[in-house]
Amino acid sequence: MTADNTGASAPDEIEVLLLHLADYGYSDQVGSWLSREVTNLPVTGRQLLNALPEGALSDLAAEMELSEQEYADYLAEELPALVDGLGPQGELPDEEQDADALWAFAGEHTGA
């Protein structure tokens with residue numbers, strides 16, 4: 001989940017992350033983040049680290065000067081609200097301006 005100049009949009013990266021989490025057994029959590037009908041279910045940093053490939057968060061953690069565990073804990077805290085805000089109708093956005101909103105949200109919450 002990094003911002004780059006290759007043309008990949010943030011929602012695509014979020015969608016891959018969410019699909020990965022759902023496939024790993026966290027579909028209830030992911031579904032709750034996309035639904036207006038239920039309260040967002042939590043996920044822990046440890047669960048994220050266990051579900052993601054080894055080192056998946058290392059670059060982002062380094063950019064924020066955090067350990068992978070600290071970054072995973074941060075991400076676990078912020079991800080439900082982020083996804084809920086992006087896809088309250090049960091779908092993630094597919095427009096480029098929505099990618100900008102994602103990165104703006106991330107910048108607000110990381111101090112970037």
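Let's start with the side chain of Ser32, which reaches the backbone nitrogen of Leu41 at 2.8 Å. That's a polar contact, meaning a pair of N or O atoms within 3.5 Å; within protein, one must be able to donate a hydrogen and the other to accept it, and residues adjacent in sequence count only if both atoms are side-chain atoms. Keep in mind that this is a predicted model, where local features need pLDDT of at least 70, side-chain atom pairs count only at pLDDT 80 or more, and totals for chains, interfaces and linings use all residues. Residues are numbered from 1 along each chain as its sequence is written, and side-chain values use heavy atoms, with hydrogens and water left out.

So where does Ser32 sit? You'll find Ser32 in helix α1, residues 10-34. Helices here are DSSP runs of H or I with at least four residues, strands are runs of E with at least two, and both are numbered from the N terminus. Is Ser32 buried or exposed? Ser32 counts as buried because its relative accessibility is 1%. The cut-offs are under 20% relative accessible area for buried, over 50% for exposed, and partly exposed in between, with a 1.4 Å probe and protein chains only.

Leu41 belongs to the loop between α1 and α2, and at 37% relative accessibility Leu41 is partly exposed. What does Leu41 touch, not counting residues up to four places away in sequence? The list is Asp28, Gln29, Ser32, Trp33 and Pro80, where contact means heavy atoms within 4.5 Å. Gln29, also in helix α1, is buried with a relative accessible area of 13%. Leaving aside neighbours within four places in sequence, Gln29 is in contact with Leu41 and Pro42. One more for Leu41: its C-alpha is 9.7 Å from that of Tyr26, and the two are 15 residues apart in sequence.

Okay, zooming out. The protein has five helices and zero strands. Of its 112 residues, 35% are buried. Take contacts between residues at least 6 apart in sequence: 60% of them join residues at least 24 apart. The protein exposes about 6,700 Å², and carbon and sulfur atoms supply 47% of that; the areas come from the Shrake-Rupley method with a 1.4 Å probe, and for residues only the protein chains shown count as cover.

Next, the core. A nonpolar core is a set of buried Ala, Val, Leu, Ile, Met, Phe, Trp, Tyr and Cys residues joined through side-chain atoms within 4.5 Å. The largest one has 24 residues, and Leu21, Trp33, Leu48, Tyr71, Leu79 and Val83 touch the most other members. Which elements give two or more residues to this core? They are α1, α2 (45-51), α3 and α4, and α4 gives the most, with nine residues. Have a look at Trp33: leaving aside neighbours within four places in sequence, its contacts include Leu18, Leu21, Leu41, Leu79 and Val83.

On to aromatic pairs. A search of the whole structure finds two. In the pair Tyr24 and Tyr26, the ring centres are 6.2 Å apart and the planes are at 20 degrees, so this pair is stacked. The rule takes rings of Phe, Tyr and Trp (its six-membered ring) with centres within 6.5 Å; planes under 30 degrees apart count as stacked, over 60 as edge-to-face and the rest as tilted. Tyr24 is partly exposed at 45%, while Tyr26 is buried at 13%. Tyr71 and Tyr74 form a tilted pair, 5.9 Å centre to centre with 40 degrees between the planes. Those two are three residues apart in helix α4 (residues 68-86), which puts about one helical turn between them, and both Tyr71 and Tyr74 are buried.

While we're on α4, there's a kink of about 40 degrees at Glu78, shortly before the proline Pro80. That bend is the angle between axes fitted to the seven residues ending there and the seven starting there.

Last stop: Glu65, in the loop between α3 (58-63) and α4. Most residues other than glycine have a negative phi. Phi of Glu65 is positive, near 60 degrees, and at 73% relative accessibility Glu65 counts as exposed.
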